[in-house]
Amino acid sequence: MAKDKTQGEDFVTPLKRMLTGVVVLCLIGIFLVWRIDSPRVERFRAQVVDAIVPSFDWAMAPVTGAVNLVRDVQSYQRIIEQNRELRRELQQMKMWKEAALQLEQENARLLDLNNVRLDPRLTYVTGVVMADSGSPFRQSVLLNVGHRDGIVDGWATMDGIGLVGRISGVGQSTARVILLTDTSSRIPAVIPRSGQAAIVMGDNTAAPLVSFLENPEKVRPGDRVVSSGDGGVFPAGLLIGQVAEDPGGRLRVRLAADYERLEFLRVLRNPGTEAITDHGALVSQAGSIPSSDEQEIDQ
Amino acid sequence: MIENSPARLWTMRAGYVALGLMILFFQLLPLETLPRRFTGPDLLMAFTFAWAVRRPDYVPVLVVAGLMLMADMLFQRPPGLLSALIVLMTEALKRRAPGLRDQTFAVEWIIVGIAVTAVMLSNRLVLSVLLIPQAPLGLTLIQTAMTLITYPLVALVTTFAFGVRKVQPGDADTMGGRA
């Protein structure tokens, strides 16, 4: 009987090996195609995600909720010390609130004086975070808004307070946001106090690096970092966070957005900045501006 | 005897797919949006290897390839590379499975450990040869180590919760009789 079995396997085994070979070749083929023609495969990936993740959604929301509930219950254990901490913070906040109110009034007065108009086209779409990247090496989240809501690659994403990331990959009903902490994230920024331009580079830590500063001495920990709008990627002036110095002496941004709980994100509609294409005419046509010298000579 | 019926075979294959989808699902939950210093084990790979070593017929090539490709797509990894490596390694382990049947768990652990390390290293090697940006080396090392450390647990769950046991000499006889 045992002999029968080995004979039976004799023609099955090579077939299995061949199948394995074909499968592995196909996979390597997919990888090579991705390497050669990345955008097309990434679009395909967006479609795959678009098809799969929403079908998980009915289960994801309750499970996420349950896990967060358990975490909240755990935090009740520390409730007394938290309470004390919060009171102390509240005291400080009252002080700040007073300062903020005064500044707001002053700001309103100054804006009024300057006759400034804020850009009315800067509206936003709010989406719910459906899934994260699922891997420790990539920092991104998936939103439940996509092409049908008019989302376009490259738009900025914020939570209520600060910049969170950039849309990269749009499906019919989902869009992926690459967070500022991802290793591939590079955002042009400016530090308004000293007017220094910088790039905020994600490096898979909670606080991205600030680099390409012209004068790092002029930047102090605590300075605000906002997006600069250079390169026309983002609207200017979105709050990113505050400068902090790490133990190695490198400057980093402590992000203003609350990365611990990303639930609802705003995608800012960005109509794009207008580009000036011509060189500008220095000499006016037909010499329509008569200069005073000529007039004097004529007389 | 019931253990080797075709119904049981297909149930266990379906069970493997369900397990894989569960792992994908839990990793996709939006619980960790902060970058982590520390990573968990690659459970999908550990479970695949544990099943392949125990019962090669429960993890067919096409199923492993499909599941891994899906994981590549969903987790923003370069599609195809890690799946190809894992499929190759699973097949290699399957071929060794009959030899491992009589060995102790320690031997199995060492061999799976070598397999996991080989997959992780060759993945990084190919990525760096093709100049593809990749994750910090530290994280990969932690993930490899965590996968190795949790492997006994994975093996335990595989054996007792899913009932995937190595073929015993008695079973082999009945299977032979059936074939």
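Reader: Which residues in helix 2 of chain B meet which residues in helix 5 of chain B?
Author: In this predicted model, M45(B), F49(B) and V53(B) are the residues on the helix 2 side of chain B. They meet E108(B), V112(B), A115(B), V116(B) and V119(B) in helix 5 of chain B. By class, this contact has 7 nonpolar residues, no polar ones and 1 charged. Glu counts as charged, and E108(B) is among the residues that meet here.

Reader: Why are helix 2 of chain B and helix 6 of chain B called oblique to each other?
Author: The axes of helix 2 (residues 43-54) and helix 6 (residues 137-160) of chain B cross at roughly 50 degrees. Roughly parallel needs an angle under 35 degrees, and roughly perpendicular begins at 65. The two helices are therefore oblique. Their axes come within 9 Å, and the crossing is right-handed.

Reader: Which residues of helix 2 and helix 6 of chain B meet?
Author: From helix 2 of chain B come M45(B), A46(B), F47(B), A50(B), W51(B) and R54(B). From helix 6 of chain B come T147(B), T150(B), Y151(B), V154(B), A155(B) and T158(B). These residues divide into 8 nonpolar, 3 polar and 1 charged. M45(B) also takes part in the contact with helix 5 of chain B.

Reader: What makes F38(B) count as buried or exposed?
Author: F38(B) has 10 C-beta neighbours inside 10 Å. The limit for exposed is 12 or fewer, so F38(B) counts as exposed. F38(B) lies in the loop between helix 1 and helix 2 of chain B. Its C-alpha is 7.0 Å from that of L139(B), a residue 101 positions away in sequence.

Reader: How many helices and strands are there in chain B?
Author: Chain B has 7 helices and 0 strands. Of its 179 residues, 37% are buried. Among its contacts between residues at least 6 apart in sequence, 74% join residues at least 24 apart. Chain A has 4 helices and 12 strands, and 29% of its 299 residues count as buried.

Reader: Which elements of chain B give two or more residues to the side that touches chain A, and how many residues does the contact take?
Author: The contact takes 38 residues from chain B and 48 from chain A. On the chain B side, helix 1 (6-28), helix 3 (61-74), helix 4 (81-100) and helix 7 (169-178) each give two or more residues. That side has 26 nonpolar, 8 polar and 4 charged residues.

Reader: Where in chain B does pLDDT stay under 50?
Author: It does over residues 173-179 of chain B, for which the model has 11 contacts beyond four places in sequence. Where pLDDT is low, the predicted coordinates should not be read in detail. For chain B as a whole, the mean pLDDT is 84, and 89% of its residues reach 70 or more. The model scores ipTM 0.82 and pTM 0.68.

Conventions: Residues are numbered from 1 along each chain as its sequence is written. Chains are lettered from A and ligands numbered from 1 in the order in which they are written. This is a predicted model: local features need pLDDT of at least 70, side-chain atom pairs count only at pLDDT 80 or more; totals for chains, interfaces and linings use all residues. Two residues are in contact if their C-beta atoms, placed from the backbone, lie within 7 Å. Axes are lines fitted to C-alpha atoms, for helices over the stretch in contact, and angles run from 0 to 180 degrees between N-to-C directions. Angles under 35 degrees count as roughly parallel, over 145 as roughly antiparallel, 65 to 115 as roughly perpendicular and the rest as oblique. A crossing is left-handed if the near helix is turned anticlockwise from the far one by less than a right angle, and right-handed if clockwise. pLDDT is the predictor's confidence in each residue, from 0 to 100. A residue is buried if 20 or more other C-beta atoms lie within 10 Å of its own, exposed if 12 or fewer, and partly exposed in between; C-beta atoms are placed from the backbone.
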